[in-house]
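Open the model in your viewer and show it as a cartoon. The stops below say what to select next and what is there.

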Amino acid sequence: MLKLKVEMTYRESQIKVIGFLFVILMSLISNASAGTQTHSKEEVKRFSEATKQLGLARGTEERWDGILALEKFRAEFPQTFLKGDTAETLFRFYSMVVDDPEFLLRLAEEAIALLPNRNGLYEQVVRVFIDKRIFPDRTLVYAQKSLELAEQMHAKTGDYQRRIIRRRGLLSQAYQLAKQPEKALEGMKRSLQETEALSVTAFPDQAARQYAVDGVRLDLLRLYIEQEQWGPAYELACHLLKASVIRKYVPELWSRAYIGKFGSAEGIIDAYADLKADWEERRKARLVKKRIKRPAPTFTLKTIQGEPVSMDALKGKVVVVNFWAGWCGPCLEELPQLEALKRTLRQKSVAFLAINLDTQDEKERKDLIWGRKAQLAPSLTYLLGNEEVQQKFGFANLPYTCIVDPKGYIRYEQTGLRSDFKASMKDQLTWLLGMSIAK
């Protein structure tokens, strides 16, 4: 009896130990499973839908809707293989709608922890922190890391020179934020010298090269103004006001430099008028040099209503041909400017074609175009483009816009969005319309 009791106690102990080990094993399996990345077509689909929604968002409310969609995706797929991409995307779009420094820092650190060697992530974080003037010490560390990664890629591939220059400029701004003004100016001047030294072959065209150079000059001007170095600030501001292809910020910065140098706004109107006239003269001279003459490709494409439109049928008219896509931010900035041009020239014989190059299925693509048409440029003629017609026109980057004369020759073309886009298009159209009337 005693022996039986001892055996039962022993067996009960074994059962308890086995049960305890089973619980531990199941816990380990559960933890391991929880840490295992998941990968499915549904994840890819949901992530793509949310990021596409964010990419198309044009205002704060639409961005919040996209952020909500991506947060729902993250909650439903906590171990997705897209976890790092999700964190990076959330940081980028939260930074557009939220100013809470601690919240943004947490998001940035989460993304960096998941993607410690993602080349563009550090640059993205640095831009946000500099723009919001937060965490100067951390910004400096991230800016140094961003430049280091670009230099490593350049050593491996021989490429990335432009990124190195751009990130050196960012590092200079980080030094300024960290109250190290001498290093800030030294780095920005070096960035400008390196940009000016790049050949045209490093850019899509001469216009893109000039845009890059003027962008660094603007950053250098901001540093001069922030450091109250009014002499060099005003000299550089005058140069930019006379010659820069970037116009968005130049007049404001010039006025600050003028008042800083002269102590008041007295005489500012006359000074501005003289410089502005000089710039207009230079701009028009550049436009004359950019006039070309080559046969425009022939094509027939359908409108979103299904009606065919051909270049041959438009002979006798001046035609503005614009290629765009819904994912292309600069394209969406150009469309309203083309709409304004069309309204200005409504009594003239000018056709405006907006050729879409998105690649979604037809229904989704038409829905996107209808939305952009209603929102941005309702009176343009929208066509469903394709890779073949893009190859015929021979451009690689969007947006691309050209003007075709009544005889079917391309007389002006522009790739990418420039700040003087509308003014330049209007001048070239006025020139062509004048030629048409004279003949």
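Buried means under 20% relative accessible area, exposed over 50%, and partly exposed in between, with a 1.4 Å probe and protein chains only. This is a predicted model, in which local features need pLDDT of at least 70, side-chain atom pairs count only at pLDDT 80 or more, and totals for chains, interfaces and linings use all residues. Residues are numbered from 1 along each chain as its sequence is written, and side-chain values use heavy atoms, with hydrogens and water left out.

Colour by secondary structure. The protein chain has 17 helices and eight strands; these are DSSP runs numbered from the N terminus, helices (H or I) of at least four residues and strands (E) of at least two.

**The sheet**

Select the strands E1, E8, E7, E4, E5 and E6, which in that order form an open sheet with mixed pairing. Two strands pair if DSSP finds at least two bridges between them. Which strands stand at the edges? They are E1 and E6 (381–384); each has a single partner strand, so one side of each is left without a neighbour in the sheet.

Zoom in on E1 and E8 (residues 409–415), which pair in the antiparallel sense over two bridges. Pro295 has Tyr409 in E8 as its bridge partner. A contact means heavy atoms within 4.5 Å.

Select Lys293, in the loop between helix H13 (268–289) and strand E1 (294–295). Is Lys293 buried or exposed? Lys293 counts as exposed because its relative accessibility is 56%. Leaving out residues up to four places away in sequence, Lys293 touches Tyr409, Ile410 and Arg411. Tyr412 is 119 residues from Lys293 in sequence, but the two are 7.8 Å apart in space, C-alpha to C-alpha.

**Two helices**

Select H6 (residues 119–132) and H8 (residues 161–177). Their axes are 10 Å apart and the helices pack at an angle of about 35°. Axes are lines fitted to C-alpha atoms, for helices over the stretch in contact, and angles run from 0 to 180 degrees between N-to-C directions. Show the side chains: among the residues that meet are Val126 and Phe129 in H6 and Leu170 and Ala174 in H8.

**Last stop**

Select helix H11 (residues 230–243), which has 14 residues. Its buried residues include Tyr234, Leu236, Cys238 and Leu240.

Methods
Expected span 1.5 Å × (residues − 1).
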